[in-house]
Amino acid sequence: MTNIRDLIDKVVGEKVEVYKNIALQIHEKPEVSNYEFFASKALSEQLVKEGFDVKLDVAGHRTGFDARYKSEKPGPTVVFYAEYDALPGIGHACGHNLFGATSSLAAVGLKAIIDEVGGEIRVYGTPGEEGGENGSAKGSFVKEGFFDDVDIALGAHPGYEHGLTSTSLANDPVDVEFFGKSSHAAGAPEKGINALDAIIQVYNASNALRQHLTDDVRIHGVITNGGEAANVVPYYASARFYLRAKSRPILSDLYTKFENIVKGAALQTGAEYKFGLFQNSVDNVVPTPLFDEVYEKHLNRYGEYISKDNVKKGSGSTDVGNISQVVPTIHTNIKISNEYIAGHSVEFREASRSELGLSSIELGAKILANTALDIILDSDLLERIKKQHAENVSNQND
C-alpha cells in the first residue's frame with residue numbers, strides 16, 4: 001500500500017511543473033463560457049500525451065471534453081471534473097485555471113497505479129461553471145448520461161482556506177420577455193401595449209411574493225431592455241432573473257409561482273410573453289460527509305488542516321450540484337492564500353497565479369488521487385458512501 005501511494009506522489013511530483021505551466025497559460029488567456037478554446041485544448045492535449053482516450057465537443061458543449069483510461073481489471077469508475085472558465089471582465093478571479101490543472105494531474109497520478117488496483121479514470125472537462133453562453137455544462141453531462149455508470153466524482157476548488165464540501169443553492173437562470181405594441185406615448189397612448197409595464201409588474205409581484213417564501217429563497221434580476229425612447233410606448237421589454245432555493249424541489253415550486261407572475265403580467269397588460277431558462281438549471285450541492293472524511297484524512301496526512309470554525313453553508317450556486325444529485329461528490333476548497341480574500345476579486349485573481357496558488361495543484365492532485373484510491377480499494381467504504389449519498393438526496397428538504 002505504501003508503495004502504491006509513493007508511486008502516486010512520485011508521478012504527481014515529477015509532472016507538476018507541466019500542469020503549473022498550463023495553469024499559468026490559462027490564467028494569461030482568460031476565456032468565458034463556450035469560448036474556453038485554449039484551456040480545453042491545453043488540458044485535453046496533455047491528457048492525450050498521458051495516455052488517455054479523449055473526445056472533444058461533448059454533451060453539447062464545443063469546449064467540453066471527455067478523457068478516459070480504463071484498466072483491464074474491473075473496479076469503480078472515478079471522475080475528476082475539471083473547470084477552466086474565467087469571469088467576464090476580471091479573468092480567473094475564481095481560480096479555475098488551477099482547478100482544471102489539479103483535476104487533470106490527479107487523474108494522471110491515479111493512472112500510475114490503476115492497472116494494478118482496477119477501475120476506470122475519467123476527466124470531464126466541464127465548461128461555463130460561472131454561467132454565460134451555453135453555461136453550467138455539468139447539467140448537460142448529467143442529462144446526457146455521462147454519470148450513469150460513474151461511482152464517485154471529485155474536485156477541489158481554490159479557496160482562501162481549506163474546507164470540505166458545503167451546501168449550495170439551486171439556481172434557475174431565466175429570461176422574461178414581453179411583446180406589446182408601439183404607439184405615440186402622448187398622441188395615441190390608447191393604441192399601444194406597454195411591454196415595460198409588464199416587466200415592472202413582474203418586479204412588483206416578485207417583491208410581494210418574497211414575504212411568503214422561506215428564508216433560503218432568493219429572487220434577483222435586472223431589466224435588460226426597457227424601451228428606446230420616452231415618447232414611444234415600449235413594444236418590447238425584457239429582464240433576466242436568478243431564482244434560487246436550498247433544494248431542487250423547493251426551486252421547482254418557486255419556478256411555477258414565478259411563471260404564474262409572468263402570465264399574470266401578460267394578462268394585465270395585453271402583452272405576449274416568452275419565459276424560460278437561458279442556460280442549464282443548476283441543482284443544489286448534496287454533501288456526502290463520509291466521502292469528505294476520506295479527503296480530510298489525506299489532507300491531514302500532508303500536514304494541512306481545516307479550521308473547526310470553518311463550517312460553511314453555501315449561499316451561492318454551482319453546477320457541481322447537478323453531479324451531486326446523481327453520484328457521491330466532493331467539492332472541497334484548497335488553500336491559495338494566507339489571509340482572507342473574497343472570491344471573484346482582483347486579489348483572488350492574483351492569488352490564482354501566486355506561488356501558493358500554483359503549489360495547490362500538487363497538493364490537491366495528491367489528495368484527490370489518494371482519496372479515490374481509498375474508495376477503489378475498499379468496496380465496503382464505497383457502499384457506505386453510496387448509501388449515505390442516497391439518504392441525503394432523499395432528505396435534502398429537511
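This report walks through the nonpolar cores, the salt bridges and a surface patch of a predicted model.

## Nonpolar cores

Let's start inside. The largest nonpolar core has 62 residues, and Phe80, Leu110, Leu154 and Ile361 touch the most other members. Helix α10 (residues 355–377) gives the most to this core, contributing eleven residues. Apart from it lies another core of 26 residues, including Ala195, Leu213, Ala239 and Ala271. In soluble globular proteins, nonpolar side chains tend to be buried together.

Ile361 is worth a look in your viewer. Setting aside neighbours within four places in sequence, Ile361 contacts Val16, Tyr19, Lys20, Ala23, Leu98, Ala101, Thr102 and Leu105.

## Salt bridges

The model counts 21 salt bridges. One of them pairs Lys20 with Glu17 at 3.5 Å, N to O; both residues lie in helix α1, three residues apart, or about one turn of the helix. Lys20 is buried because its relative accessible area of 18% falls under the 20% cut-off, whereas Glu17 is exposed at 53%.

Glu83 and Lys138 meet at 2.8 Å, N to O. This pair links distant parts of the chain, 55 residues apart: Glu83 sits in the loop between β3 (77–82) and α3 (96–117), and Lys138 in helix α4 (residues 137–143). Both Glu83 and Lys138 are buried.

Lys274 and Glu177 form a salt bridge at 3.9 Å, N to O. Lys274 belongs to strand β9 and Glu177 to strand β6, so the pair ties together parts that are 97 residues apart in sequence. Salt bridges with shared partners also join Arg5, Lys297 and Asp374 into one network.

## A surface patch

On the surface, Val32, Tyr35 and Phe37 form a nonpolar patch with about 260 Å² of accessible area together. Val32 is found in the loop between α1 (2–28) and α2 (37–49), and is partly exposed at 32% relative accessible area.

Key
Residues are numbered from 1 along each chain as its sequence is written. This is a predicted model: local features need pLDDT of at least 70, side-chain atom pairs count only at pLDDT 80 or more; totals for chains, interfaces and linings use all residues. Side-chain values use heavy atoms; hydrogens and water are left out. Patches are made of residues with over 30% relative accessible area and no salt bridge: like charges are joined within 9 Å, nonpolar side chains (Val, Leu, Ile, Met, Phe, Trp, Tyr) within 5 Å. Accessible areas come from the Shrake-Rupley method with a 1.4 Å probe; for residues, only the protein chains shown count as cover. A salt bridge is a side-chain nitrogen of Lys or Arg within 4 Å of a carboxyl oxygen of Asp or Glu. Helices (H or I, at least four residues) and strands (E, at least two) are DSSP runs, numbered from the N terminus. Buried means under 20% relative accessible area, exposed over 50%, partly exposed in between (1.4 Å probe, protein chains only). A nonpolar core is a set of buried Ala, Val, Leu, Ile, Met, Phe, Trp, Tyr and Cys residues joined through side-chain atoms within 4.5 Å. Contact means heavy atoms within 4.5 Å.
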